[in-house]
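Please look through the sequence and the structure shown here, and then follow the explanation below step by step.

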Amino acid sequence: MAHKRLVIQAKRPKSPPICGVEGCAGCSWIFTGLDEKSQQELRNLMRSVEYGADEAIFHEGTPAFGFFIICSGKAKLIKQGPAGKRQILKIVGPGELLGEENLFDGGTHTASARTIEPTRARFIKREDFLDFLKRHPTVALQLAEKVARELQSFQAKLIETAYESCRARLARLLLALATQYGTAEGEIQAHISRMDLAEMAGISTETAIRTLGELEERGLIALKRRKIVILDAAALEELAAPLPVETIENLL
Amino acid sequence: MSTLITAPRFAEYYKRMVRAQELSHWLSSLEPAAREAVMARAHMLALPPHTKIYAQGDPVDGIYIVLEGAVKELAADEGCLRLVRLAGPGSVLGAGELFSESLQTMSAVTLRPTRLALLRQPDLHAIFVEHPSILLWLMRQLSARLWKLRTALVETVYLESAARLTHKLVEVADRFGERTSQGVMIDLKLSRDEWAALVGIAPETVSRVLHDLERRGWIALQGRKIWLIDEEKLRVT
């Protein structure tokens, strides 16, 4: 079979900082294009919240009163599976949204969120934001685009999970992580445990550890405690690419 | 001056009224003004079974709201079927592709006589401008689909093939099944490969599991028709 190139789209440029806090690197691209007055209006809806490492932000099945914009730190979105198993749907970092998909569907969290690192965030109440969206269709359209892209990513991930080998899934996950959180040298700058990696790729922890070891032995990655460095991205792409799946918005 | 309404014209008028009522039912959560704008601009389509609505890779012409009938969406890669989705009354087709500005990611074919409301892209944009609340309604459709996909993903990772196929049989029967004296009948004429892509398992597994369920007397098979004989057992699995 001809080798197909794996496409991992770069993330969209962030919008200018909305919160006005010094040192903020910018907010989600869905807020791009807001004028100063609208930014101020949005700022007035925000409330600051802070969490330690490995702390629950919300639980699956509980009422969703609003959504979060991550300012610093990282959090994971987890879905409960059968028999106490769980799957990590994605990891969100600074400028990204958490819980935004439950703004529209009756207001119940359809997944749980937990911090990975100490995290600061802004919270916006559901009713306030829906009202804001009605007055700012550009943001509403951009949010719709974001949800639509995420939908396509999950569609791709579903196909991948049904048909691909564990090695291909892990290789793809590592490449996506490197795109989102990697340095120029290929070091993934997120403290993600082996168990988390396994739950993101949808494989068992033992398989994840074994496969990582195998990839290290082949010189594709280097492992330093919790840090992972991508050494040979091209070889990883080859492993990950039997399906022409584009990993787009927030596949992680 | 009164206009005489002839019988055929009345029938046509009556049909239009019924269709409008149906669409309005699916749009019931919209604000009245937005609902009216949608109904004024929607094109009603009545399609016979096995009609292609759009093909994978086609440009997106708008969104389709399914009013009646059943539609299968198929995604193939190099001739290999990868994903199948079934859409019934209330489903919205093409919204994800429209917002992400991609081409159609799946092909859509009717399974039964199907009626659809088509909202073309320029009309939708005109409605967005006047009634931004329509966007929130569409977002709800997108979110619901996202939720279904995520649930399917977790099931794919953790549930065995047999359990996933059994779940899917019950789900499809609930949405599209017809009650018969033998039990609920699924008559969507889906092939073994399509069932496989619907569940995300190998076609051989579909045959194995279906025959196993038949041997236990939980289902009956005849050609592409499936009857759920022992629903209770199937639901508990």
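In this predicted model, strand E2 (residues 52–54) of chain B and strand E7(B) run antiparallel and are joined by two bridges. Within that pairing, Lys52(B) has Val109(B) of E7(B) as its bridge partner. E7(B) also pairs with strand E4 (residues 71–77) of chain B, again in the antiparallel sense, over four bridges, and here it is Lys72(B) that stands opposite Val109(B). Strand E7(B) itself, which spans residues 107–110, has a covered face made up of Ala108(B) and Thr110(B), while Ser107(B) and Val109(B) form its uncovered face.

Turning to chain A, the reader will find it divided into domain 1, covering 29–153, and domain 2, covering 166–240. The centres of these two domains of chain A, taken over C-alpha atoms, are separated by 26 Å. Where the domains meet, nine residues of domain 1 of chain A are in contact with seven residues of domain 2 of chain A. On the domain 1 side of this contact, E5(A) gives the most, with four residues, and the residues of that side divide into three nonpolar, two polar and four charged.

The two chains also touch one another, with 36 residues of chain A in contact with 33 residues of chain B. On the chain A side, strand E5 (86–92), helix H2 (126–135) and helix H3 (137–163) each supply at least two residues, and H3(A) gives the most, with 19 residues. Sorted by class, this side of chain A has 20 nonpolar, seven polar and nine charged residues.

Terms used. Residues numbered from 1 in each chain as written. Chains lettered and ligands numbered in written order. Predicted model: local features only at pLDDT ≥ 70, side-chain atom pairs only at ≥ 80, totals over all residues. Nonpolar A, V, L, I, M, F, W, Y, C, P; charged D, E, K, R; others polar. Buried ≥ 20, exposed ≤ 12 C-beta atoms within 10 Å, placed from the backbone. Pairing = 2+ DSSP bridges. Domains from an automatic or database assignment.
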